[in-house]
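Please view the sequence and the model first, and then read on.

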Amino acid sequence: MGVIEDSEPPLKRVKVPLEESKSLPEDPSTAGSVSCSLGDQMARPLSSQGDGETVGSQCVIKKAEFIKIITRALYSLGYDKSGALLEEESGIPLHSSVVNLFMQQVTDGKWDDSVATLHLIGLSDETIVNSASFLILEQKFLELLKMEKIAAALDTLRNEIVPLHVNLNRVHELAACTISPLHCVRLGISGQDTEGMKSRSKILEKLQKLLPAAIMIPEKRLEHLVERALDIQREACVFHNTSDSDLSLYSDHQCGKNQIPSQTLQILKAHNDEVWFLQFSHNGKYLASSSKDQSAIIWEVKENGQMSLKHTLCGHQKPVSTVSFSPDDSQILTCGQEEVIKRWDVSSGECLHVYEKSGVGLISCGWFPDGRGIFSGMTDRTICLWDLDGREMECWKGQRTLRISDMAITDDGLHMAQMLGRSPIGTAWTFWGC
């Protein structure tokens with residue numbers, strides 16, 4: 001009796017069985033030592049409770065990394081005293097003493113010392129060591145040139161930079177700088193780029209991106225993690241219907257069903273037949289509608305959210321299949337079904353130009369990203385591009401299909417997508433590259 005099995009819960013192990021307690025000597029000193037022994041066991045963290053190396057309910061966040069990232073954020077925000085206090089209180093330095101020495105040497109322009117210290121950091125990848133050495137020695141070379149110490153600069157280039165066998169094209173460019181200062185200008189290396197603390201801080205930024213994150217904590221790492229967490233919450237929100245300004249760090253983001261528009265606020269009645277297409281302007285001030293009644297209407301959105309009729313755009317001989325606001329919302333296109341495209345002034349409602357092609361109908365339209373031209377899908381299976389004055393700039397033959405139902409162009413103007421209707425394989429998309 002009195003034997004405690006290893007399989008028992010930790011808290012039971014500190015209990016002394018009744019029989020053993022009766023047999024204990026009554027000497028106060030002995031009893032005190034036993035009491036202290038038991039107290040020590042109770043106070044000592046048990047292995048089953050974690051060893052303090054992780055934080056968080058899932059124990060996946062490494063405590064040292066977590067504290068370093070917070071410290072880095074404090075320094076980035078300008079709270080240097082708070083950052084230093086956190087390092088001192090936690091006993092977890094942001095960087096090792098060797099890394100701190102290395103950074104200080106770079107800041108002070110002690111190039112040879114910093115290269116020597118770089119090798120003491122303990123990097124296992126020789127490629128990274130050589131690339132970092134190249135950045136440091138390149139700055140040394142440029143500052144020597146700035147001080148007109150040409151011989152010393154050439155010595156650095158020949159005996160320190162070249163043996164690294166890194167970025168030989170850059171080495172040739174640096175060599176050309178010793179012959180002609182204008183070559184430095186053509187390379188984008190101005191006098192300001194090699195002056196004092198500013199240029200050396202840029203070198204530290206480059207080194208920070210080059211060296212492993214565990215060696216030099218990336219700038220704004222905490223901000224990046226928080227933004228990523230908000231992105232994931234936004235993407236996971238089934239009913240997301242709020243602006244980014246409504247996101248908060250105080251609680252997990254989740255939109256409710258009540259935030260989805262579900263009440264009829266206004267019924268717009270002005271068309272005489274089916275409404276085929278709707279589009280808000282980019283600034284949200286206007287709504288355009290097109291109809292089978294051969295017209296389009298521009299509605300103005302008031303401050304109270306109500307809409308009023310601004311212009312009725314008439315003149316098409318066939319139903320208006322689509323409308324498209326210009327990038328700056330000052331103009332709008334209307335496309336008659338297999339007919340013509342008209343360009344209108346949003347403010348006045350005046351028709352500015354009519355785009356048409358003899359014997360061919362236009363069935364879709366859109367704007368260039370810069371607003372200086374338009375494009376359209378044609379009934380003869382082509383895509384045409386016009387300038388605003390109606391001069392045809394390009395005309396491309398599309399895939400074997402009866403019609404191009406709709407089109408869109410990327411914001412950079414380099415790619416175009418077209419939706420193909422009535423194709424042998426059903427509706428399909430074709431992407432064009434410029």
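Is Trp386 buried or exposed? Trp386 is buried, as its relative accessible area is 3%; buried means under 20% relative accessible area, exposed over 50%, and partly exposed in between (1.4 Å probe, protein chains only).

The model is predicted, so local features need pLDDT of at least 70 and side-chain atom pairs count only at pLDDT 80 or more, while totals for chains, interfaces and linings use all residues. Residues are numbered from 1 along each chain as its sequence is written, and side-chain values use heavy atoms, with hydrogens and water left out.

**Aromatic pair and hairpin**

The count of aromatic pairs comes to one, where rings of Phe, Tyr and Trp (its six-membered ring) pair if their centres lie within 6.5 Å, with planes under 30 degrees apart stacked, over 60 edge-to-face and the rest tilted. The ring centres of Tyr355 and Trp386 are 5.9 Å apart and the planes stand at 45°, so this pair is tilted. Because Tyr355 belongs to strand β10 and Trp386 to strand β13 (residues 382-387), the pair ties together parts that are 31 residues apart in sequence. Tyr355 also counts as buried, at 1% relative accessibility. Helices (H or I, at least four residues) and strands (E, at least two) are DSSP runs, numbered from the N terminus.

Strand β10 (residues 351-355) runs antiparallel to strand β9 (residues 341-345), and four bridges join them; two strands pair if DSSP finds at least two bridges between them. Arg343 has His353 in β10 as its bridge partner. The two strands, β9 and β10, form a hairpin with five residues between them, and Gly349 in the turn has a positive phi of about 80°.

**Salt bridges**

The structure holds 11 salt bridges, each defined as a side-chain nitrogen of Lys or Arg within 4 Å of a carboxyl oxygen of Asp or Glu. Three of them are listed here.

| Pair | N to O distance |
|---|---|
| Lys140 and Asp112 | 2.9 Å |
| Arg170 and Glu138 | 2.6 Å |
| Arg170 and Glu173 | 3.4 Å |

Asp112, Lys140 and Glu160 are linked in a network of salt bridges. Lys140 is buried at 13% relative accessibility, whereas Asp112 is partly exposed at 44%. Arg170 and Glu173 both lie in helix α10, three residues apart, about one turn of the helix.

**Cysteines**

Zero disulfides are found in the whole structure, a disulfide being a pair of cysteine sulfur atoms within 2.5 Å. The sulfur of Cys237 has its closest cysteine sulfur in Cys255, 3.8 Å away, which is too far for a bond.
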